[in-house]
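Morning, everyone. Please have the structure up on your screens. I'll go through a surface patch, a pocket, a cavity and some backbone angles.

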Amino acid sequence: MIRNKIHFKDLFFNDNLLSIDMLMVFVILFLCPSILKAQYTPKEIDSLMTKEVYRLRDENNIQEIANLSRKAIQYSKKINYKKGEIYGYARLGNALCNLKKYKESLEALNTAQRIIETSNIKDNVISASIFLGMGRCYSESKTSYDNAIIQFENSLNFANRILDKNDKNLYLSIIYSNLYSVYSNMNNKNEAVKYLYKGLSIKEDPYACICLANHHNLNKNIDSAKFYLKKAETYNLNDFNKATLDNEWGKYYEEKKDYAKAILHYQSAEDLAKKINEMLILDKAYSGLYSSYHNIGNLEKAIDYSDKRVMLKDSIVNKQSSNSEITINDIVRKKEKLIHKEFSKSQKLYFILGVLVLLILSFLAFKIYKNSKEKNKVQKLIEEKEIEIKEKETLAENLQLKINDSFDELINLAKSNSPEFFTRFKEVYPEKIDALLAINDKLRVTELTLCAYIFLGFKTKDIALFTFKSINTIRNRKYNLRKKLFIEEDQDMEIWFKKL
């Protein structure tokens, strides 16, 4: 049987062929694939969080991992897939940490941990990942090295429970590397090297080899440094490890006084650090370039990289300062006008020779004086810039200590249920109190105090413990706060306060 062909235009313009009901059926069937596609299954969400993330990680596309994680969270919420939400927030938090968005990263990681607690899902791999991300946020932002160590130890606890040997070794290796970095930043070299060797005993990786090379470079063991540098080169390195490795090769060649090769490696590290926006690696490259050029007597280049270090320190501490500039004038006039007089041939020759000798001696004397003056000037400028760099480093350290001291002071006052707690909180975070009173100016001091506890990250049972109240009392007060501050029931209060 042969069917008559029906053209697409006939479906819309031929009254005999298509009724309104038929048109509706056609539209639904046409849109059905898109509607069905919007609903992902748990298996498809898991695939997004494994295969796709691994692919993007190999491509070093961190921003796309963050975008994909947000999509996975949305898909999981639509079908109430809690495990998918946890994995989505955990992946998002770690991606944001890599993008140096530490505040947003901690919010995502804390949300993942809260869902784990409320849904009673137990997964050692994801818990290790969450605490590892938290530790990295505290460590890399230099907010609190002590808190970073606590989170890394939490991650270590879960990593040791992972059943799959490959996953277990992978996490242990990463955690030990991060503990090495923390203790190195705290100038506790013994602890740092201990964790470095622990990581290598489990799984060799390029970063650990580079760190060991750094350790041997600092201790002038250049043969051992070269061994680990060569070993690191056998891996498929990302840009971060390439830049770090180039800095260590530069240091190695500096120790061997092969400054030409040192400069080549430091310049490579400089280019890669700019590409991936790694300021600490860039600072080390600038420092190496400065010292290398200084050692070969290229003072102009040394000053150039000294200037770059000063500017980089400004960006690290988020302050601007005027940069000193120096121009070295190395042009000397060599031509002099001679007054021609009529002398005898011999007298003229002697006169010319005398003038030439005088000019040569004068030029040499002037050159020596000029070089001495310029060297003194350059040396003085270098010393001034080194002092300026040290002042900026001290400023950054003092600012960090001030932030840490205020936070630690508030935590201690809260734990001791001190009457001074709320007064001190108002001094440290006045804008939070103002924002709360702007929403509801009838909030009592006890209610504002509870807000302060929640903002600082205390859980219900901790608040009850430190304020000598029952858990039910604290829950009731938090419920009343939600009503007075118009906080939705599914909104996490701690995140709400921090976003306020």
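A definition before the patch. Patches are made of residues with over 30% relative accessible area and no salt bridge, and nonpolar side chains are joined within 5 Å. Keep in mind that this is a predicted model.

So, which residues form the nonpolar patch on the surface? They are Leu349, Tyr350, Phe351, Ile352, Leu353, Leu356, Leu359, Ile360 and Leu364. Together they have about 840 Å² of accessible area. Take Leu364 from that list. Leu364 lies in helix 17, residues 345-415. Its relative accessible area is 44%, so Leu364 is partly exposed. Over 30% is what a patch residue needs.

Next, the second largest pocket. About 960 Å³ of space lies in it. The lining has 32 residues, and Arg114, Asp490, Gln491, Asp492 and Met493 are the closest to the pocket's centre. Where does the lining come from? Helix 6 gives the most, with eight residues. Now the classes. The lining of this pocket has 18 charged residues, nine nonpolar and five polar.

How many cavities of 30 Å³ or more does a search of the whole structure find? One. The largest cavity has a volume of about 30 Å³. Its lining is Ser173, Tyr176, Ser177, Tyr195, Leu196, Gly199, Leu200, Asp205 and Ala208. Helix 9 (165-185) and helix 10 (189-202) each supply at least two of the lining residues. Helix 10 has the largest share, four residues. By class, the cavity lining has five nonpolar residues, three polar and one charged.

Last, the backbone. Most residues other than glycine have a negative phi. Asn80 is not a glycine, yet its phi is positive, about 55°. Where is Asn80? Look in the loop between helix 4 (62-78) and helix 5. Is Asn80 buried or exposed? Asn80 is exposed, because its relative accessible area is 55% and the cut-off for exposed is over 50%.

Phe468 also goes on the list. Phe468 has a positive phi of about 60° and is not a glycine. The residue is in the loop between helix 21 and helix 22. Its relative accessibility is 68%, so Phe468 counts as exposed.

That's my tour. Over to you.

Note on methods
Residues numbered from 1 in each chain as written. Predicted model: local features only at pLDDT ≥ 70, side-chain atom pairs only at ≥ 80, totals over all residues. Heavy atoms only, no water. Patch = residues over 30% accessible without salt bridge, like charges linked within 9 Å, V, L, I, M, F, W, Y side chains within 5 Å. Areas by Shrake-Rupley, 256 points an atom, 1.4 Å probe, with all protein chains shown as cover. Salt bridge = Lys/Arg side-chain N within 4 Å of Asp/Glu carboxyl O. Buried < 20%, exposed > 50% of the residue type's maximum accessible area, 1.4 Å probe, protein only. 1 Å grid on protein atoms, 1.4 Å probe; cavity = no way out; pocket = protein on both sides within 12 Å on 5 of 7 lines; lining within 4 Å. Points joined across faces, edges and corners; volume = space filled by probe spheres on them. Nonpolar A, V, L, I, M, F, W, Y, C, P; charged D, E, K, R; others polar.
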